Amino acid sequence: MFVDKAKIQIAAGEGGKGMIAFRREPHNSRGGPCGGRGGDGGSVWFEADEGLATLMDFRYNRHYRAPRGQHGGGNNRTGAGGEDIVVRVPAGTIIRDIETGEQIADLTRHGQRVLAAGGGRGGRGNSSFVSATHQAPQHAEDGFPGEQREVELELKLLADVGLVGFPNAGKSTLLSRITSARPKVADYPFTTLTPNLGVVGTDTGGGFVVADIPGLIEGAHEGKGLGHEFLRHIERTRILVFLVDITQEQPLKQYETLLNELRGYAPALAQRPRCLLFTKLDVLPPDEIELPVSRLDGVFMVAGISSVSGRGIDELMRTLASRVEQIRAGERESATDSGG
Ligand SMILES: Nc1nc2c(ncn2[C@@H]2O[C@H](COP(=O)(O)OP(=O)(O)OP(=O)(O)O)[C@@H](O)[C@H]2O)c(=O)[nH]1
Ligand SMILES: [Mg+2]
């Protein structure tokens, strides 16, 4: 099952109490104050880990608590600090405070870390309260509480290529043709209810990830048909592949409607490199196959395919692989330019 949201509780450790103590000296039953400070509580961090792909683990373990600091001791001994804990999440996880709605972090790179709940400071011992008028203070501080928060983790699929189209256009069929993923395929709309991911192997070894999302409908950007739920998953893809069933009425109009839905949801989506595929070519008699257009503004490839006969698939894969590689290279370059 694909899990991409989780709610968990995190709690940093409380600081240890400051100590009230006095030196014992042979000639003086009560020497100067020597109560040490409590140790700081442990903090809770999040760290992105490329080795993780889902938020599955967080369904079983919802509480993360860092240990408290030890109390201060005599002879001005500071209590030991509680150790920090590091919660590992997949790269691409967004972390939000549920109560305030504040985004705590968007951990995109492997090893990237964020402090999400700071440990409480240890209380000061009585030796810290000595003053000209108080030579033998009888009090010390308690430890301070650690931060506690309820946070939401959200993992947006980090696919390179997102398949978009109306229900029944053949998205899942294409995914199963080009990857080893085996999504459900059926001859009715809304067969796919949650996104499917597949990996396409390439000659150069890199490979790329394809996301098949549930079918969109007109009004999706306003939330119709769970549009938002689904579009969220393709927000970060590098390329969009539009699929239009060529056997349906006005295929080109369908493409335009889809593009408008994406634009309505997030204008940047309509700027993303995209290609347009007319699907199910095998259904038409060979001499009646004519694509409504052969090129379009802003579209790097217009083609007809059949996931059943395999027509057009090899060329599609070659084009997508080289585009993905080209875009990744551009990203690496701009990352180097900006010194990161
Ligand atoms: N003849 C033919 N049928 C196809 C082709 N691609 C898909 N189909 C059929 O079209 C129907 C819908 O295919 P799906 O892959 O489930 O479509 P989808 O776009 O994933 O649909 P939703 O998940 O509902 O959005 C199924 O009956 C498929 O067998 C194709 O290239 N040729
Ligand atoms: Mg499907």
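Here is a short walk through this predicted model, one selection at a time.

**Stop 1: the two domains.** Colour residues 5-155 as domain 1 and residues 161-337 as domain 2. Taken over C-alpha atoms, the centres of the two domains are separated by 48 Å.

**Stop 2: a hairpin.** Next, select residues 93-97, strand S5, together with residues 103-107, strand S6; the two pair in the antiparallel sense over 4 bridges. Show Arg96 and look across to Gln103 in S6, its bridge partner. Then move to the 5 residues between the strands, where Gly101 takes a positive phi near 80°.

**Stop 3: the magnesium ion.** Now pick ligand 2, the magnesium ion, and display Ser172 and Thr192: their OG and OG1 atoms, respectively, coordinate the ion at 1.9 to 2.1 Å. Ser172 belongs to helix H1 (residues 171-178), while Thr192 lies 20 residues away in the loop between H1 and strand S10 (196-200). Are these two residues buried or exposed? Both Ser172 and Thr192 are buried.

**Stop 4: the largest nonpolar core.** Select Leu216, Ile234, Phe242, Leu262 and Leu276, the residues with the most contacts inside this core of 26 residues. Elements that each supply at least two of its residues include strand S12 (239-245), strand S13 (274-279) and helix H3 (251-265). H3 gives the most, with 5 residues. Zoom in on Leu216 and you will find that its contacts include Val164, Phe166, Pro167, Leu231, Leu258 and Leu262.

**Stop 5: a second core.** Finish with Phe46, Tyr64, Val89 and Leu155, which are among the 24 residues of a separate nonpolar core.

Definitions and conventions:
Residues numbered from 1 in each chain as written. Chains lettered and ligands numbered in written order. Predicted model: local features only at pLDDT ≥ 70, side-chain atom pairs only at ≥ 80, totals over all residues. Heavy atoms only, no water. Donors = N, O, S within 2.8 Å, 3.2 Å for Na, K, Ca; no water. Buried < 20%, exposed > 50% of the residue type's maximum accessible area, 1.4 Å probe, protein only. Domains from an automatic or database assignment. Pairing = 2+ DSSP bridges. Core = buried A, V, L, I, M, F, W, Y, C linked by side-chain atoms within 4.5 Å. Contact = heavy atoms within 4.5 Å. Lists of a residue's contacts leave out its neighbours within four places in sequence.
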